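Work through the exercises below with the sequence and the model side by side, trying each task before reading its solution.

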Amino acid sequence: MKKFIIIVVSAIVCFSFTAFWHHANSEDQGEFKQRIPLPSPYNQHVDAYQLTYPSDGLKIKGFLLQPKHIDGKLPLLVYNRGGNREHGMIRQKTISYLASWAQKGYVVVATQYRGNGGSEGTETYGGKDIDDVINIMHIGEKLPYVDTTKKYAIGYSRGGMMTYLLMKSGAKFNAVAVVSGITDMFQFYDQRGPEMKQVLRQLVGDPKDPKVAQTYRDRSVIYWSDKINSPLLMLHGNRDWRVHYTQAEKLVRQLDQTDKEHKFILYKGADHPLTKYFDEYNAEIDKWFQAHS
């Protein structure tokens, strides 16, 4: 009897160690995922997962959403969230929004960025956190049911800046949409109140410091608009006090002087999230993506 107990205990220990090793190894490879619930009707058509994946030696939290029934290969959609630190963190409302794109037939990936939403590291607001976007995009690209010749990106607010930085890094897409995106960090700093100025000084530095100014240029697409390498749709509201619409207009003027494909839509009376035009602007994004499929 004693011998039997020893064998059983040994088997349990061995199984536990194997399960732990597999869990850790999968996480190291960026494959660890946990299913998360979706509200109806998305739960009938979409599977959603929270990912824990490696980026520069850190464990970063992100999301993967995909249709339940996959027939053939699907396009990849990279979504870049707005906000800073926990403000703008991906929560249920955003996950439902991402599910709406997965329901249309996209495999969607999105990151919380380092230092946010349970991710290790420190928020850098357009610094090394671009690696977190690149690495989750690579995870999506390696999925056997993803068509790597069909890639798209959506960036909202700060996520617009991240989307521009993604193109600056060399990533290329069939089409890109930026909603209320930052194009000029100097203007963004100047036009925000003392609270956001303090946040930017903490995360990026004081733009009036000559040693810091270059970091603001590095994050501002208007200083390197030649790096825009994908058909670009820009959507903005003329009542946006968080990111003034003239930021988009600056980039439009630069792109007008080139042969880079772009389109700009300014919504009258619209706020930063384009609240009153939600269905309309998403229909524009869908149409833009379909036109470049």
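## Exercise 1: Aromatic rings

Y79, Y97, F278 and Y281 form one aromatic cluster. The model is a predicted one, in which local features need pLDDT of at least 70 and side-chain atom pairs count only at pLDDT 80 or more, while totals for chains, interfaces and linings use all residues. Residues are numbered from 1 along each chain as its sequence is written, and side-chain values use heavy atoms, with hydrogens and water left out.

Task: describe the aromatic pair of Y79 and Y97, and say where its two members lie.

Solution. Begin with the rule, by which rings of Phe, Tyr and Trp (its six-membered ring) pair if their centres lie within 6.5 Å, with planes under 30 degrees apart counting as stacked, over 60 as edge-to-face and the rest as tilted. By this rule the count comes to 12 aromatic pairs. Next take Y79 and Y97, whose ring centres are 6.0 Å apart and whose planes stand at 65 degrees, so that under the rule the pair is edge-to-face. Then place the residues: Y79 belongs to strand β4 (residues 74-80) and Y97 to helix α2 (residues 92-103), and the pair links these distant parts of the chain, 18 residues apart. Helices (H or I, at least four residues) and strands (E, at least two) are DSSP runs, numbered from the N terminus. Finally, Y79 and Y97 are both buried, where buried means under 20% relative accessible area, exposed over 50% and partly exposed in between (1.4 Å probe, protein chains only).

Task: which kind of aromatic pair do W101 and Y106 form, and are these residues buried or exposed?

Solution. The rings of W101 and Y106 lie 5.7 Å apart, centre to centre, with 70 degrees between the planes, and form an edge-to-face pair. W101 counts as buried because its relative accessibility is 1%, and Y106 counts as buried because its relative accessibility is 4%.

Solution. A charge sits over a ring if NZ of Lys or CZ of Arg is within 6 Å of the ring centre and within 35 degrees of the ring normal. Over the ring of W101 sits the charged end of K104, 4.0 Å from the ring centre, and over the ring of Y49 sits that of K33, 4.3 Å from the ring centre.

## Exercise 2: Helix α6

Task: which residues of helix α6 are buried, and why can they be said to line one face?

Solution. In helix α6 (residues 194-203) the buried residues are M196, K197, V199, L200 and L203. Seen down the axis of α6, these buried residues fall within an arc of 160 degrees, so they line one face of the helix; the arc is that of the directions from the helix axis to the C-beta atoms. The face turned away from the buried side carries the exposed residues P194 and E195. The cover over the buried residues of α6 includes α5 (185-190) and α7 (210-218). Just after α6, G205 takes a positive phi of about 125 degrees.

Definitions and conventions. Contact = heavy atoms within 4.5 Å.
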